[in-house]
Amino acid sequence: MKIKLRIKNALLVMLILGTAGSLLTGCNGGSSTQTGTSDSTAASGDDKTLLGAGSSFVNPLFSKQFSEYNKITGLKVNYQSIGSGGGILQLTNKTVDFGDSDAPLTEEQAQKMGAPVLHIPMCSGAVVIAYNLPEVKDTLKLTPAVIADIFLGNITKWDDAKIAAVNRGVKLPSTDIVIAHRSDGSGTTNIFTDYLSKISDEWKTKVGKGGSVNWPQGIGSKGNEGVAGLVKQTPGGIGYVELAYAIQNSMAFAKVQNKSGNFITPSIASTSAAGNVQLPADSKIFIGNTDAPDGYPISGFTWALMYQEQNYNNRPQEKAQNLAKLLWWNIHDGQKFCQDLHYAPLSPAALAVAENILKSATFNGKPLL
């Protein structure tokens, strides 16, 4: 009996301790991670950690910049490469300190924010047309009309006469064309569909532009990473990805004919030429289908997004100042990392606009910088 009683008491103690542990865990919010959370206070916790989310287009650059900034200041930046749409949603819900998008907020998105949001340009980049044709050793040339017809589903074979006419002397296979596109809300998609809408009335009428569209053809995948992976794994595949992803994955990508009739290889120089424009004061501009004779036509800026007034959700002033200083460093010292990762640094004119926008960020109405 005594043995049974001792066992019973031991089980009772274990039960009590287990319950207490569960309660403590619940009170402390469980294990700590540096990933996003639905808790509205998530973006106002540790002052030495910032949470960001959004564009996968800029993720290779951000990864390098944030790592280097951490070495200098000790500030940790956890950035989730989930697509521009996801970043905008998380900033709207105030679960991150900043977002990033490859397209300016729409009027509807801006209204949902509930307060003014700043767009600070970080760099510009090229969206390339990557393809998987191992038997083709030449770099393919594509015209705006051919690109539109492929993504509309009007051209379905790689040896189509329209593709052959632009690539004389190139032996094209009769392989089926398999289109890969983004399945998530994406600034890269916005850049690409804005371009298609400018060069094709049929695309503009049937599909239009935006971060998420109803694709006439193709298979969807998340992020630049997903589209690059899908194209690389699919013979006959074609898709649109940021230049850095295509190079990192050793993918072939096309020369694209620009408005001046020149076939342009996407590069830092041709992207810089496309982005060598005077930005408006709010920096919101699409640069696709550039007038520059040496400019690559499918290019765009990417913007860090932050609330202009940083005093919200019991947000510490130190965290707001850390964010402003980080983005200031990104557009100055952080620009030296752009070229090695195949992004075009901000031009002097774009930098001046970015500085003025960032200087307008406030805490209790007082400038942070």
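Buried means under 20% relative accessible area, exposed means over 50%, and partly exposed lies in between, with a 1.4 Å probe and protein chains only. By that cut-off, tyrosine 69 and tryptophan 329 are both buried.

A word on the source. This is a predicted model, where local features need pLDDT of at least 70, side-chain atom pairs count only at pLDDT 80 or more, and totals for chains, interfaces and linings use all residues. Residues are numbered from 1 along each chain as its sequence is written, and side-chain values use heavy atoms, with hydrogens and water left out.

Now the rings. Rings of Phe, Tyr and Trp (its six-membered ring) pair if their centres lie within 6.5 Å; planes under 30 degrees apart are stacked, over 60 edge-to-face, and the rest tilted. How many aromatic pairs does the structure hold? There are 18.

Take phenylalanine 66 and phenylalanine 98. They sit edge-to-face, 6.1 Å centre to centre, with 75 degrees between the planes. Helices (H or I, at least four residues) and strands (E, at least two) are DSSP runs, numbered from the N terminus. Phenylalanine 66 is in helix 2, residues 59-73, and phenylalanine 98 is in strand 3, residues 98-101. Phenylalanine 66 and phenylalanine 98 are buried.

Back to tyrosine 69 and tryptophan 329. Their ring centres are 5.2 Å apart and their planes are at 55 degrees, so this pair is tilted. Tyrosine 69 lies in helix 2 and tryptophan 329 in helix 12, residues 317-331, so the pair ties together parts 260 residues apart in sequence.

There is a cluster too. Ring pairs link Phe151, Phe192, Trp203, Trp215 and Tyr240.

Next, charges. A charge sits over a ring if NZ of Lys or CZ of Arg is within 6 Å of the ring centre and within 35 degrees of the ring normal. Lysine 94 has its charged end over the ring of tyrosine 312, 5.8 Å from the centre. Lysine 141 does this with phenylalanine 263, at 5.3 Å.

Now a sheet. Two strands pair if DSSP finds at least two bridges between them. Three strands make an open sheet, in the order 5-10-11, with mixed pairing. Which strands stand at the edges? Strand 5 (141-142) and strand 11 (263-264) do; each has a single partner strand, so one side of each has no neighbour in the sheet. Strand 10, residues 255-257, pairs with strand 11 in the antiparallel sense over two bridges. There, valine 256 stands opposite isoleucine 264.
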